[in-house]
Amino acid sequence: MADEPEVIKLIRQAGQEVGNYTYVGLAALEKRTPGEQIREICRGQKAVTMNDSLTPTLFRAPRTVYTDELLKSVRAAGLEYAVKENVRFQPGSLHSQEEADAFAAAVANGSIIAIPVEPPVEQKADDPAVHEEKPAVDMKPTIQDGTPNPPIAKVELDKELELLLTAMEKQGKEFIYVNQFRKIHYIPAGLPLPESTEGGQE
């Protein structure tokens with residue numbers, strides 16, 4: 001949003017909601033101090049609200065455990081909902097309709113699917129550990145550098161998503177916006193279920 005503010009207009013025009021993914025997509029946010037958590041989330045909020053009239057209410061961070069402490073930071077930063085996926089779709093994994101059908105068959109109803117487009121940030125550039133002085137190491141030249149890494153195949157995400165959507169439709173499944181999950185009454189594990197009313201309905 002900060003680098004390409006026009007993107008938010010395209011997202012809104014497509015009828016999609018914009019959430020807070022932290023400012024840089026920071027992984028393992030639960031390992032940061034509350035102050036760091038709130039700063040990172042608030043920077044994300046500011047980047048969106050500078051270019052959009054709507055303030056995000058949904059939060060998600062990559063590879064993060066949603067601890068009570070982190071959820072308090074999320075709430076303190078002004079966000080009402082934390083989103084946690086239970087299915088991750090990795091771009092580059094679907095090459096045929098058959099593969100898409102198999103993937104869709106394994107997705108349970110009520111799942112939240114995450115599609116990572118960029119790798120999460122494991123270490124921020126302004127972290128103190130990045131700037132620690134380290135002694136220079138005299139590396140001797142090697143005779144053989146070994147086999148170079150193979151080139152990364154180009155991922156055509158739009159085609160893969162078309163395969164996935166087709167597979168879901170064939171199986172009678174449909175996608176809904178994540179904000180529609182707000183209407184679901186969630187009961188944490190270990191708490192008693194609501195008492196049944198007469199007639200067997202809950």
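Q: Which exposed residues does the face of H4 turned away from its buried side carry?
A: Some ground rules come before the reply. This is a predicted model, where local features need pLDDT of at least 70 and side-chain atom pairs count only at pLDDT 80 or more, while totals for chains, interfaces and linings use all residues. Residues are numbered from 1 along each chain as its sequence is written, and side-chain values use heavy atoms, with hydrogens and water left out. Helices (H or I, at least four residues) and strands (E, at least two) are DSSP runs, numbered from the N terminus. Buried means under 20% relative accessible area, exposed over 50%, and partly exposed in between (1.4 Å probe, protein chains only). On the face of H4 turned away from its buried side, the exposed residues are Glu98, Ala102 and Ala105.

Q: Which residues of H4 are buried?
A: An α-helix has 3.6 residues a turn, so residues three or four places apart point the same way. In H4 the buried residues are Ala100, Phe103 and Ala104. Viewed down the axis of H4, they fall within an arc of 95 degrees, so they line one face of the helix. The arc is taken from the directions from the helix axis to the C-beta atoms. These buried residues pack against S3 and helix H5 (157–170); a contact means heavy atoms within 4.5 Å.

Q: How many aromatic pairs does a search of the whole structure find?
A: Rings of Phe, Tyr and Trp (its six-membered ring) pair if their centres lie within 6.5 Å; planes under 30 degrees apart count as stacked, over 60 as edge-to-face and the rest as tilted. The search of the whole structure finds two pairs. Phe59 and Tyr66 make a tilted pair, with 6.2 Å centre to centre and 40 degrees between the planes. Phe59 counts as buried at 1% relative accessibility, and Tyr66 is buried at 19%. In the pair of Phe89 and Phe103 the ring centres are 5.5 Å apart and the planes are at 80 degrees, so this pair is edge-to-face. Phe89 lies in the loop between strand S3 (87–88) and helix H4 (97–105) and Phe103 in helix H4, so the pair ties together parts that are 14 residues apart in sequence.

Q: Which ring face does Lys84 lie over?
A: A charge sits over a ring if NZ of Lys or CZ of Arg is within 6 Å of the ring centre and within 35 degrees of the ring normal. Lys84 lies over the face of Tyr66, at 5.3 Å from the ring centre. Arg43 lies over the face of Tyr23, at 4.0 Å from the ring centre.

Q: Is Glu85 buried or exposed?
A: Glu85 counts as buried, at 12% relative accessibility, and lies in the loop between strand S2 (81–82) and S3. A polar contact is a pair of N or O atoms within 3.5 Å; within protein, one must be able to donate a hydrogen and the other to accept it, and residues adjacent in sequence count only if both atoms are side-chain atoms. The side chain of Glu85 makes such a contact with the side chain of Arg60 at 2.9 Å, and with that of Arg88 at 2.7 Å.

Q: What pLDDT does the chain average?
A: pLDDT is the predictor's confidence in each residue, from 0 to 100. The chain averages 80, and 75% of the residues score at least 70. Over residues 129–153 the pLDDT is below 50. Where pLDDT is low, the predicted coordinates should not be read in detail.
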